[in-house]
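Visitor: I've got a structure up on the screen and I'd like to walk through it with you. Could you take my questions as they come?

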Amino acid sequence: MAFSLNKVQLIGNLGQDPEIRYTQDGRPIASLNIATSESWMDKNSGQRQERTEWHRVSIFGKPAEIAQQYLRKGSKVFIEGSLHTEKWTDKQGQDRYTTKIKVAGFNSQMIILDPRGGAGAGAPNQQGGDYQQGGGYQQNAAAPQPGYGAPAAAPAAQAAPPQNNQTPAAAPDAMPDFDDDIPF
């Protein structure tokens, strides 16, 4: 059998707030629309051109709840998952297809890159994971980092410096230093 690989990595911005639904057995699924853009100089006109691609993403399990809690329209996020094509029949009897990025399993991840991250950014996840401002969600974290153990509403937790050795961004729109955090 030949080796194959189905892996997608994106860094983009959300076009709207995450939508969450639950399966019959209670598993959360978050749906995201993520925009990625590329720009170039047109050789003929000398004008800067830009193209935006929209990607549909489905996030399953614990990361879906984290997405709902911390992501908002405009949030910057890193997504790693696999492509899946769904087929259905529309009202006119025509077969339709949609290709999505599925974030589920051990080879998938979601990292929140926007230090603003929505309301309550930097607050701990009460179910045992650790949300680090600008650093993402670590699904297998054993315990919250020091300084993040207080309830989200406590001023001390909001004022505590990041414990992940990252320097805070100088401006709200500036990106933190991710030299060692981006996996490519």
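Predicted model: local features only at pLDDT ≥ 70, side-chain atom pairs only at ≥ 80, totals over all residues.

Visitor: In what order do the elements run from the N terminus?
Guide: The protein has 2 helices and 9 strands. The order reads β-β-β-β-α-β-β-β-β-β-α.

Visitor: How many bridges join E3 to E4?
Guide: Strands count as paired if DSSP finds at least two bridges between them. E3 covers residues 28-41 and E4 covers residues 48-60, and Ala-35 stands opposite Trp-54 in E4. The two strands run antiparallel, and the number of bridges is 13.

Visitor: Which residue in the hairpin of E3 and E4 takes a positive phi?
Guide: That hairpin has 6 residues between its strands. The phi in question is near 75°, and the residue is Gly-46.

Visitor: And which strand makes a hairpin with E3 with 5 residues between them?
Guide: In the turn of that hairpin, Gly-26 has a positive phi of about 90°. Arg-21 has Ile-29 in E3 as its bridge partner. The pairing is antiparallel over 4 bridges, and the strand that covers residues 19-22 is E2.

Visitor: What residue in E3 stands opposite Leu-14?
Guide: Strand E1 (residues 8-14) runs antiparallel to E3, joined by 2 bridges. Opposite Leu-14 you'll find Ile-34.

Visitor: Which residue meets Glu-38 in a salt bridge?
Guide: A salt bridge here is a side-chain nitrogen of Lys or Arg within 4 Å of a carboxyl oxygen of Asp or Glu. This one spans 3.2 Å, N to O, between Glu-38 and Arg-51. Glu-38 sits in E3 and its partner in E4, so the pair ties together parts that are 13 residues apart in sequence.

Visitor: Is Asp-90 buried or exposed?
Guide: Asp-90 meets Arg-96 in a salt bridge of 2.9 Å, N to O. Buried means under 20% relative accessible area, exposed over 50%, and partly exposed in between (1.4 Å probe, protein chains only). Arg-96 is partly exposed at 42%. With a relative accessible area of 17%, Asp-90 is buried.

Visitor: What about Lys-87, buried or exposed?
Guide: The side chain of Lys-87 meets Asp-95 in a salt bridge at 3.5 Å, N to O. Asp-95 is partly exposed, with a relative accessible area of 41%. At 53%, Lys-87 is exposed.

Visitor: Last one: what is the relative accessible area of Thr-98?
Guide: Thr-98 has its place in strand E6 (residues 95-103). Not counting residues up to four places away in sequence, Thr-98 touches Arg-56, His-84, Thr-85, Glu-86 and Trp-88, where contact means heavy atoms within 4.5 Å. Thr-98 is buried, and the value is 8%.

Technical notes: Residues numbered from 1 in each chain as written. Heavy atoms only, no water.
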